[in-house]
Amino acid sequence: MTILHLKTQQEYKEYYIEEYCNKPIYTFSGILVKFYKSQYEHAFFESANHQKRDKSIFSIERAKKIKQAPKWQNK
């Protein structure tokens, strides 16, 4: 697994938007997959209080697992 090491939370968000939201990504079967900017917080934040599900803490462990989609996915 490729681990991405960036300096700031903002850099991870910019990477997500550039690589996942602004480029077409296709499955191996050729199906277009869409990612939205609004999904960033859901994917890369954790809840301080799991009962409230507040998604208030940035998860560096989740963010480091962002990697560029394989070349066959970007058409």
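1. Leaving aside residues up to four places away in sequence, Phe 58 touches Gln 9, Tyr 12, Tyr 40, Phe 44, Phe 45 and Ala 63. Please keep in mind, here and in every point below, that this is a predicted model.

2. Which residues make up the aromatic cluster to which Phe 58 belongs? Tyr 12, Tyr 16, Tyr 20, Phe 35, Tyr 40, Phe 44, Phe 45 and Phe 58 together form one such cluster. The count of aromatic pairs in the model comes to 8. One of them joins Tyr 12 and Phe 58 as a tilted pair, with 6.0 Å from centre to centre and 45° between the planes. This pair links distant parts of the chain, since Tyr 12 sits in helix 1 (residues 9–21) and Phe 58 in strand 4 (residues 57–58), 46 residues apart. Tyr 12 itself is buried, its relative accessible area being 2%.

3. A second pair is formed by Tyr 16 and Phe 44, whose ring centres lie 5.8 Å apart with the planes at 70°, and the pair is therefore edge-to-face, the cut-off for that class being an angle over 60 degrees. Because Tyr 16 belongs to helix 1 and Phe 44 to helix 2 (residues 40–44), this pair ties together parts of the chain that are 28 residues apart in sequence. Tyr 16 counts as buried at 4% relative accessibility, and Phe 44 likewise counts as buried at 10%.

4. In soluble globular proteins, nonpolar side chains tend to be buried together. The largest nonpolar core here has 14 residues, of which Tyr 12, Tyr 16, Tyr 20, Tyr 40, Phe 44, Phe 58 and Ile 66 touch the most other members. Helix 1 and helix 2 each supply at least two residues of this core, and the largest share, 6 residues, comes from helix 1.

5. Helix 1 can also be examined as an element. It has 13 residues and reaches 17 Å from its first C-alpha to its last, which is close to the 18 Å expected at 1.5 Å a residue. Its buried residues are Tyr 12, Tyr 15, Tyr 16, Ile 17, Glu 19, Tyr 20 and Cys 21. What do these buried residues of helix 1 pack against? They pack against strand 1 (25–26), helix 2, strand 4 and helix 3 (60–63).

6. Among the buried residues of helix 1, Glu 19 calls for a separate comment. Is Glu 19 buried or exposed? With a relative accessible area of 11%, Glu 19 is buried, because the cut-off for that class is under 20%. Glu 19 forms a salt bridge with Lys 23, the closest N and O atoms being 3.2 Å apart, and the side chains of these two residues also make a polar contact, again given as 3.2 Å. Lys 23, for its part, is partly exposed, with a relative accessible area of 27%.

7. Side chains of opposite charge can pair when their charged atoms come close. How many salt bridges does the structure hold? The structure holds 4 salt bridges, among them one between Glu 46 and Arg 62, where the closest N and O atoms are 3.7 Å apart. The pair links distant parts of the chain, with Glu 46 in strand 3 (residues 45–46) and Arg 62 in helix 3, 16 residues apart. Glu 46 is partly exposed at a relative accessible area of 34%, and Arg 62 is partly exposed at 32%. Another salt bridge brings together the side chains of Glu 61 and Lys 64, at 3.3 Å from N to O, and here Glu 61 is partly exposed, with a relative accessible area of 46%.

8. Finally, some remarks on the chain as a whole. The protein has 3 helices and 4 strands, and, read along the sequence, they follow the pattern α-β-β-α-β-β-α. Of its 75 residues, 27% count as buried. Among contacts between residues at least 6 apart in sequence, 45% join residues at least 24 apart; the pair of Tyr 12 and Phe 58, 46 residues apart, is described above as linking distant parts of the chain.

Definitions and conventions. Residues are numbered from 1 along each chain as its sequence is written. This is a predicted model: local features need pLDDT of at least 70, side-chain atom pairs count only at pLDDT 80 or more; totals for chains, interfaces and linings use all residues. Side-chain values use heavy atoms; hydrogens and water are left out. Rings of Phe, Tyr and Trp (its six-membered ring) pair if their centres lie within 6.5 Å; planes under 30 degrees apart count as stacked, over 60 as edge-to-face and the rest as tilted. Buried means under 20% relative accessible area, exposed over 50%, partly exposed in between (1.4 Å probe, protein chains only). A polar contact is a pair of N or O atoms within 3.5 Å; within protein, one must be able to donate a hydrogen and the other to accept it, and residues adjacent in sequence count only if both atoms are side-chain atoms. The expected span of a helix is 1.5 Å times one less than its number of residues. Contact means heavy atoms within 4.5 Å. A nonpolar core is a set of buried Ala, Val, Leu, Ile, Met, Phe, Trp, Tyr and Cys residues joined through side-chain atoms within 4.5 Å.
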